[in-house]
Amino acid sequence: MTAGIWIFAEERNGKIKKITYELLSVARNIANQTGQEVSAVLFGKGVSALANTLGQYGADKVHVADDDRLAQYTSDYYGKILANLIIENQPSVVLLGYSSLGRDLAAKVAQKVDTGLMSDCTGVEIINEQLIFDRPLYGGKVFAKTICPEARPVMATIRSNIFTASQPQARYQVEVVNVDIHLEESDLRQLIKSVVTQIASRPELTEANVIVSGGRGMNGPENFKMLEDLADVLGAAVGGSRVAVDSGWIHQSFQVGQTGKTVSPTLYIACGISGSTMHLAGMGSSKCIVAINSDPEANIFKIADYGIIGDLFEVIPLLTEECKKMQKASDSYQTIIPVAQ
Amino acid sequence: MKIAVLLKQTFDTEATISLDSEGQINRQGVNLIINPYDEFALEEALCLKENYGGEVTVISAGAPEAQTALSQALAMGADKAVLVTDDALAKSDEQAYALLLSKHLSDLGFDLILAGWRAIDDGSAQVALRVAERLGIPHINVVTKLEINDGKAVATRETEGGSEIVEVSLPAVITAQKGLNEPRYPSARGIMQAKKKPLQKLSLADIGLSADQVTPKVEIISYFMPPTRSVGKIIPGEMPEAARELCRLLREEAKIL
Amino acid sequence: MLSRELFWGIEYGWMTYVISFITTAILVYLLYLKSTFWRQGIQEKVCFNWKSLQIFRSLSDQRLLDDNKTIGILHMFVFYGFITLFIGTILSMLDSHFYHFLEGDVFVIYKIVLNFTGLLALIGITALFLRRYVFKLAKGDNNLQTLLALLLPWLALVTGFLVEGSRLAVAPSESYGWEFWAFPVYPIVAALKSQTYSTLITIHTLSWWIHMLLSFLTILALGWTKLSHVVLAPLNMFQQVGQTPGQLREIPLSDEYFGTESLSDFTNKQLISIDACVSANRCEINCPAYNSGKSLSPRLIMEKLQKVKNYKASLVGDTVSEDELWACTTCGACQQKCPTLTNPVDKIIDLRRFQVLALGNMPQTWQSALMSLQRRGHPWNSVNRSRLDWTKGLNVPIASQKKDFDVLFWVGCTGALMDRNIQVSQAIVKLLQDANVNFAILGLEENCTCHMARRMGDEYLYQEMAEKNQSTLKQYTYKTIITACPHCYHTLKNEYDITNNGIQVLSHTVFLRELLDKGLLNIKPGLGKNVTYHDPCYYGRINGIYEQPREICKLAGAKLIENEKSRDNSFCCGGGGGVIWSDDPVGSRIFETRAKQLLDNNADLIATACPFCITMLESALNNLDPNSTVKIQDVAELLVGQLQER
């Protein structure tokens, strides 16, 4: 395995997305163990300047394709360029994030280059020079160790918030390679008619470090304001259980659970959520779970790291107060994962 | 319109998963259902048929038990069903399934191919997109709204932090997301009519493929159960104190805040 | 001798016979026309039973009296009045043509009775007329048919008194003590006495012919106006033979028949039943949907169905709205109160059947319950337990392992899977173990009885599941099945085919009462609380179990306070018929209506014997007053609380 560990870098509005840093640290880890180079692939418009940042987080080389036609992600354009790059350079491993873009692109490219793809991976190890990826099945109720023994490159999409990005380091100038872009108009079969971006001052649910989530105990949409206040103090995203969505208290895009989004934040605060299996399937891999519920028998307490049995309408505002106090006292938060530039 | 729906039979979402003595997933007593996302795809296909006329074929590849899932799809209103089942498929991966599905699909010719965006068992979210690539047709992924006009598909696609409206020309592959529609109930009349509808069972040879063409590129070497979380701490005490204690623990013990 | 001459003072009196012949012919024709409504349904054998007619007739009177004594009494005036007058006419005919016996004292008694009952009938009709047209209290349409049904007999009575009065004013030979027996006509005679002979004769003749015409018109009215209930109600009662409360029609499922889409899909018996509705409106009194502001009124549905002209027209959507259709809890309160024994429930279910079986149409929330039933064998969609999880640590014997047992405890889906109701199953197990009952449960082999699915309209799913369950039940030998769920009870006992092997199905209340009777339970009556018992519909009204649960409460030491709506007059909690899974946005919630009624008794504890009642009432209490200290418990829980250590 000498041809290089590649990662696909995602950016949005001129900022590198957090998953990219996580991918880089995984790639770096594999590269160090196998004596290979880490390359990042970066597509977009006006993105060349970001190459250095990628270098700081672990890339040795960055393949940049900077073009007006690449401003907006399309699987046709991105897929063609990435596939050609892979065929030309023959990397041994290509990693993407299991994100909306990553999933779409990875499957297409894996098919184009005729290799296997392991999706939504939550763990990587190397045993006897074999790369082994952990994949969750059945909503995380069981895991499979998977390998791609022969086909190359080994492709995998990695779940967000599982791996930790390494600290950025000032490095020597990273090698930037400009990609020859051979795109015909006929290559593009998808016409993007409009894009709706939710203006969120809060982090996106699947990318958030901290999530404050409400369930049945919230008793109404107006009470979510309380959770939003806490989320603001913690820089968190707000989510909800299926009950909250079905009752019309929050929008479906905020649903965490088997039939909603799968999240794995560092901290998940479950307020008035009983902890059904369906909900756990969506947040069970959170690093730290805090549960606040008035029912001591609630299932959520069985998996929570910390719990308070009490009336959430009392606890949450107090918790918000306490966090504010702590913030003032220490002037900033130290989260495990550094906030991306 | 000739519409194909790719369908997978999966474990029931509520099923308890365990490993047997050989470390394989226990299939005993587990209820099998149509993958919920494929149900959205099927419902969409049926609605399109009601609006524009045409025919809906459901196609599944897997174990013989998948026949019940296909029967249910016929009961909901699909016209034909095809099950590709073969011992050689036992360990197949996404690209092998994509190969055989696209082979069968290209033999038959379709205007639109619908599928769920992922299956709830392995969550790969690959097969439909691979099929699109193999057939050389465009795709729109994770769709919450779909309209067909004049040989074009216009779909609202979910993205991180928002959505986009994308248009492609048919034939195309569209994958369904929750919210696209509400799948109908398979009525008793539908179930009875389904018994008369064609359900073809094909082996690899029937579609012109050999076993070594479907060897997997990805293999599962073992399964393991996730670590059971150890029971955590219930923070005792009256309210302001408990909240304070929680903050302290999150800072000092868990080192999060 | 005092008597009356036939056709006194009337020429051409024999015309009566001609006209009566013509009237009968027309009446037969009118009834024939009416019967087209019933005959376009599916043929079902109608068997007649005179005995049931007798029983049902008295039932009918009782039902009219029960909830509105005034109307009941007024109707009895009219009903018995006319019957008496009719018999009187027949006697008069026999007297004139065969054997003369109406003379002297016999004649006097004859006249007293007829005049008195005639007066009562007149008062009755007058009061009913005022009620409908002046005080506007009656339901049903105020159309020509309704008006004629009141007007024709009223006018017939009035003219009849006029005939008698004018005759008496002329022929004093009849008037030996006439003041005594002819008191209703006294004012008429007094007013006419001063007229000349020829005037009186004219009045008499005129009123005689008019009276005869009106009488025959009244008879014709039996075929055309609301009075047709005189024919239809008994007809309907005849063909109710063998019908038990809560009974549904078995339909053989085929490619073509899926329940009722149009009127022609009902059976002829059902159509007779629909036609028999007279808008008496007793059904609305206790209808849980109607009394919670929903659009469903059983009477309204029957009225609407009666008016449908096109027998092939689709009913749901146009005639019966979906809101009405899905709101019925099948509690049977309407059926129980109807004086003409019309049964709205089975019609509603037949309409549901077509919607669900042929169209797959049902409220969205019901779909998840039914899909869960199909996939997992129970309707509790969000639950992730097995049917054995609740038995942990309780040493509950499982049938497949125990093999030899006397009593099979049918736990039911709710009792095995829902947190709150598991507590009741556990209480029952403790009681059974304390009494050393040799019992077992089916455990994982148990599937939903599909009582609810059947009433939601999914007859197909019900029949499939029933077959499965029946074959499981046949595998073991035991004497008794007990269950703590009235819905399971009803279906196991009345709808499944298992009792023919001598197996008896018992309600847990009956069984526990028996155990107490035999002294097998070590209970001390220490409860010392005020308890109001809420009769679950499927134990109480539909299957007649009232006393045993009350006795259990008393033996546990409770002081019973009867709710105003108890026993067969109980008000449904709103959980039956699939409604527990309804979104319920319209009107107020049924369970809150019932909870408020129960809370009026100010008891410390509300006892009941049904898992759905417990779920609904606890929800209601939580909504109405989260701080309430009133508890809701199954009688088994009450009992187990008084169980002493041995």
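Reply: Two residues are counted as being in contact when heavy atoms lie within 4.5 Å. The model is a predicted one, and the account begins inside chain C. By that rule, 26 residues of domain 1 of chain C touch 34 residues of domain 2 of chain C. The domain assignment places domain 1 at 15–235 and domain 2 at 251–358, and chain C also has domain 3 (377–517) and domain 4 (530–640). Taken over C-alpha atoms, the centres of domain 1 and domain 2 of chain C are 33 Å apart.

Between domain 1 and domain 2 of chain C, about 2,600 Å² of area is buried, and carbon and sulfur atoms give 57% of this area. The count of salt bridges between these two domains is 3. In chain C, a salt bridge joins the side chains of Lys307(C) and Asp141(C), with an N to O distance of 2.8 Å. Residue pairs in polar contact, both at pLDDT 80 or more, number 8 between domain 1 and domain 2 of chain C. On the domain 1 side, the elements that give two or more residues are helix H1 (15–39), helix H2 (50–67) and helix H9 (229–238) of chain C. The largest share of that side comes from H2(C), with 5 residues. By class, the domain 1 side comprises 10 nonpolar, 8 polar and 8 charged residues.

The account now turns to the interface of chain B and chain A. Chain A has 9 helices and 18 strands. Its radius of gyration of 21 Å agrees with the value near 20 Å that a compact globule of 341 residues would have. The C-alpha trace of chain A spans about 60 × 45 × 40 Å along its principal axes.

Here 75 residues of chain B are in contact with 92 residues of chain A. The area buried between the two chains is about 7,200 Å², with carbon and sulfur atoms giving 55%. There are 5 salt bridges across this interface. Lys108(A) forms a salt bridge with Glu133(B), and their closest N and O atoms are 2.8 Å apart. Elements that give two or more residues to the chain B side include helix H3 (94–108), helix H4 (127–135), strand S7 (139–149) and helix H6 (239–253) of chain B. H6(B) gives the most to this side, with 11 residues. By class, the side of chain B that touches chain A has 38 nonpolar, 15 polar and 22 charged residues.

Methods: Residues are numbered from 1 along each chain as its sequence is written. Chains are lettered from A and ligands numbered from 1 in the order in which they are written. This is a predicted model: local features need pLDDT of at least 70, side-chain atom pairs count only at pLDDT 80 or more; totals for chains, interfaces and linings use all residues. Side-chain values use heavy atoms; hydrogens and water are left out. Domain bounds come from an automatic or database domain assignment. Buried area is the accessible area (1.4 Å probe) that two parts lose on being put together, summed over both. A salt bridge is a side-chain nitrogen of Lys or Arg within 4 Å of a carboxyl oxygen of Asp or Glu. A polar contact is a pair of N or O atoms within 3.5 Å; within protein, one must be able to donate a hydrogen and the other to accept it, and residues adjacent in sequence count only if both atoms are side-chain atoms. Helices (H or I, at least four residues) and strands (E, at least two) are DSSP runs, numbered from the N terminus. Ala, Val, Leu, Ile, Met, Phe, Trp, Tyr, Cys and Pro count as nonpolar, Asp, Glu, Lys and Arg as charged, and the others, Gly among them, as polar. The radius of gyration is taken over C-alpha atoms; the globule rule is 2.2 Å times the number of residues to the power 0.38.
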